[in-house]
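Let's take a friendly walk through the inside of this protein chain. Have the sequence and the 3D view ready, and we'll begin with a single side chain and its neighbours.

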Amino acid sequence: MHLARFPRRRYTPGFTPMEPLPRLSALLAKGSGGPEIWIKRDDLLGLAGGGNKTRKLEFLVADALARQADTLITVGAPQSNHCRLTLAAAAKEGLDCRLVIEERVPGSYSPAALGNNLLFDLMGAASVRMVKAGADLAEEMAVEAAAVKAAGGHPYVIVGGGSSPLGALGYAACAQEIMAQAFDQGVAFDRIVVASGSAGTHAGLVAGLVALNAGIPVTGINVRRPRAEQEANVLRLAQATADLLGTPQPLASDIVALDEWVGPGYSLPTADMVEAVRLLARSEGVLLDPVYSGKAMAGLIGLVREGALKKGERVLFLHTGGAPSLSAFADVLRDPSLN
């Protein structure tokens, strides 16, 4: 897997930590036993607040700069980690950034909200425009690009989540990083668990592991779509990423994206998510977010309790970040006895 031939901007010095979660493992092992749980701390990636989108932006922003762009344009939901990190990359590179916010849940967007929405203001987004759920997002970004061109600028459009084959290279690189760390630390993993949303992280990770012949299955925990739809999306992008890399094609059997922990919908809280966020914070001092990593950890906990992840296994949880949005969900996450 020859990643060095792709231009890359490095926003994180070295590897992110990969460490055991002994107290969480012990808590979940009570009763019938459970796996040894580790965590890959991609919440500690570079740019403002960290998170998985930083890895994708390393390749996407390098491409934007090579094309002499002066403005990044992207799309996300209210409290979008991807929008936060795209804006942070733009600020670091001296570029403008225009954001299109899709209000996927009616009434969920407020420009005065805390969390990532506050950071859009602090980091100086050139434009933040809200559109209703179901809008043609490619067309909405094309409108922003046309406005930049009309003013004499050079736009670069980044798809939602940075989930293109080029962006997914970030997680092919992460697969290589995980295997190097596993060798260095003398650990072998039986499974990786990750949130599955816009598909780029999940697809890039699978493409990279297949290219490396790692033999480690990846279990995605859906945060938005039904299982069959999401698995088709991940497979399509994983295969396109493998085409870009020139490596073996992932198969449908390589893709698992469970949907039991989505709850009522994207970004809508669940009791399992709240338990997962609070449990990891109190047992390990690690902060998850309510939309992605919290639901993914709820899925991991559920799989342990169902007996799908067993004693004697070693499981790696890929932490995709998102903690800067926690304050926007305070009413849901706070201990009700304190209200």
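Leaving aside residues up to four places away in sequence, F317 touches W38, I39, K40, V193, L288, S293, A296, M297 and L300, where contact means heavy atoms within 4.5 Å. This is a predicted model, in which local features need pLDDT of at least 70, side-chain atom pairs count only at pLDDT 80 or more, and totals for chains, interfaces and linings use all residues. Residues are numbered from 1 along each chain as its sequence is written, and side-chain values use heavy atoms, leaving out hydrogens and water.

F317 is also among the residues with the most contacts inside the largest nonpolar core, together with L24, I221, L280, M297, L300 and L333. That core has 35 residues. A nonpolar core here is a set of buried Ala, Val, Leu, Ile, Met, Phe, Trp, Tyr and Cys residues joined through side-chain atoms within 4.5 Å; buried means under 20% relative accessible area, exposed over 50% and partly exposed in between, with a 1.4 Å probe and protein chains only.

Helices (H or I, at least four residues) and strands (E, at least two) are DSSP runs numbered from the N terminus.

Helix 10 gives the largest share, seven residues. A second, separate core of 26 residues includes Y171, A175, L205 and V218.

Now for strand 2: five of its six residues are buried, so strand 2 is largely enclosed by the rest of the structure. Strand 2 and strand 10 run parallel, joined by six bridges, with W38 opposite L316.

Note on methods:
Pairing = 2+ DSSP bridges.
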